[in-house]
Amino acid sequence: MSRCFNLTASVSWCFRSAFTTSGLRSTITDLGDGTTIHCWIPKSPKPGRPNLVLIHGFGINAMWQWWETVRILAPHLNIYVPDLVFFGDSFTTRPERTESFQAQCVKRVLEANSVEKTSVVGISYGGFVAYSMAAQFKEMIEKVVICSSGVCLEEKDMKEGLFPVDNVEEAAEILVPQTPEKMRELMKYTFVKPPRGIPACFLEDFIDEMCTRFVEEKKELLRAIPKDRKLQDIPIITQPTLILWGDKDQIFPIELAHRLKRHLGENAKLVVIEGSGHAFGFEKPKEYHSHLKNFLLS
C-alpha cells in the first residue's frame with residue numbers, strides 16, 4: 001500500500017517557519033553529563049521584557065504544541081521553548097526519569113543562556129516539570145501556569161478508579177501510540193469532539209515522524225510519575241500560580257484541578273474552561289490565550 005503525502009513533515013516545516021518568524025532560533029546545549037537539550041531561544045532577547053519558558057506535554061515535540069502560543073506571546077515576552085529529554089532532539093545517557101531531573105535540565109539550559117528570572121507554563125506532563133522547577137528553584141521562577149496536569153495525583157488513584165485506565169502500562173500504550181488504532185484512542189481521550197475520518201496512512205505517517213523514537217524511555221518517564229507519589233509529600237510552591245483545566249478532561253480528571261487548588265490555597269487561581277477536554281489549548285484557543293496573557297502580562 002502506498003503511503004500518503006508526508007503531511008507531518010510539511011506541518012513541521014510550517015511550525016519551524018512560524019517559530020523563526022516569531023524571532024526564535026533553534027539551539028542544542030550539551031550539559032556535559034551525557035545530556036543534550038534542544039531549545040528554541042530568542043534570537044535577540046529584549047532586556048526590558050519578562051522571560052517565559054513553555055514546557056510541552058507528552059506525545060509530540062515542543063514545536064507542535066506551542067506554535068500558536070509563541071506567535072501570540074512573542075511580541076511581549078522573551079520566550080524559551082525546550083524539548084524535554086527523549087522528545088525532539090533532546091537526549092540523555094543518564095538513568096534518571098523523574099520530572100525533577102527534567103526540571104534540572106531545563107534550568108541548566110536557561111542558565112547557559114543567561115536567564116536569571118523567568119515564568120513558566122507547563123501543559124500535561126510539562127506541568128509536572130514546571131511545578132518541579134518552581135519547587136526547586138524558587139529564586140528563578142516568578143509565575144507558574146499549570147495546564148491540565150495531575151501534579152497532585154497519588155499512586156493509589158489509578159487503583160481506586162480515578163482514571164479511565166487501570167494501570168500505567170495501559171496508559172503508556174495510549175500515550176505513546178504505535179498504531180493508528182492507539183492514536184485514535186488517544187484522540188478520543190484528548191478531545192471532547194475528536195477529529196473523524198482521518199485516513200490510517202496519515203496517522204501512520206504521524207506515528208513514524210513523531211512517536212517511534214525513544215519509545216521505551218518515554219514509557220519509563222510515565223512509570224516514574226505515580227511511583228510512591230503521595231499528596232503529603234508534594235511541596236507547596238509559593239509563586240503566583242494559575243491552574244487551567246478543561247471541565248471534560250479524561251486524561252487528568254477535573255478532581256485533580258480542585259485538589260491542586262486546595263493544596264496551594266489562596267496563592268493559586270483555578271480557571272475551568274467549559275466544554276473542553278485535555279487539549280483545551282486547541283479546542284478553545286482564544287479563551288486559553290486570553291487567560292495566559294492576562295496572568296503573565298499583568
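**Strands, core and rings**

Q: Which residue is the bridge partner of V53 in β4?
A: Strands and helices here are DSSP runs (E, at least two residues, for strands; H or I, at least four, for helices), numbered from the N terminus. In β4, V53 has Y80 as its bridge partner. The model is predicted, with local features requiring pLDDT of at least 70 and side-chain atom pairs pLDDT 80 or more, while totals for chains, interfaces and linings use all residues. Residues are numbered from 1 along each chain as its sequence is written, and side-chain values use heavy atoms, leaving out hydrogens and water.

Q: In what sense do β3 and β4 pair, and over how many bridges?
A: Two strands pair if DSSP finds at least two bridges between them. Strand β3 and strand β4 (residues 78-82) are paired in the parallel sense, over three bridges. Between β3 and β4 the chain passes through helix α2 (residues 62-73), and this β-α-β crossover is right-handed.

Q: Which strand is joined to β3 by four bridges?
A: That strand is β6 (residues 118-123), which runs parallel to β3. Within β6, S119 is the bridge partner of L52.

Q: Why is β3 described as largely enclosed?
A: A residue is buried under 20% relative accessible area, exposed over 50%, and partly exposed in between (1.4 Å probe, protein chains only). Five of the five residues of β3 (residues 51-55) are buried, so the strand is largely enclosed by the rest of the structure.

Q: Which strand is joined to β6 by five bridges?
A: The partner is β7 (residues 141-147), which runs parallel to β6. I123 stands opposite C147 in β7. Together, β6, α4 and β7 form a right-handed β-α-β unit.

Q: Which residues touch the most other members of the largest nonpolar core?
A: A nonpolar core is a set of buried Ala, Val, Leu, Ile, Met, Phe, Trp, Tyr and Cys residues joined through side-chain atoms within 4.5 Å. The largest one has 101 residues, of which W66, V81 and V121 touch the most other members. Helix α4 (residues 125-136) contributes the most to this core, with eight residues.

Q: Which residues does V121 touch?
A: Contact means heavy atoms within 4.5 Å. Leaving out residues up to four places away in sequence, V121 touches several residues, among them L52, L54, W66, A130, C147 and Y288.

Q: How many aromatic pairs are there?
A: Rings of Phe, Tyr and Trp (its six-membered ring) pair if their centres lie within 6.5 Å; planes under 30 degrees apart count as stacked, over 60 as edge-to-face and the rest as tilted. The count comes to twelve aromatic pairs. In one of them, the ring centres of F86 and F214 are 5.4 Å apart with planes at 55 degrees, so the pair is tilted. F86 lies in the loop between β4 and β5 (91-92) and F214 in the loop between α8 (200-210) and α9 (215-224), so the pair ties together parts 128 residues apart in sequence. An edge-to-face pair is formed by F280 and Y288, at 5.3 Å centre to centre and 75 degrees between the planes. F280 is buried, with a relative accessible area of 0%, and Y288 is buried at 3%.

Q: Where does the charged end of K143 sit?
A: A charge sits over a ring if NZ of Lys or CZ of Arg is within 6 Å of the ring centre and within 35 degrees of the ring normal. The charged end of K143 sits over the ring of F295, 5.3 Å from its centre. K188 lies over the face of Y189, at 5.0 Å from the ring centre.

How values were computed: Right-handed = clockwise from strand over helix to strand, strands pointing away.
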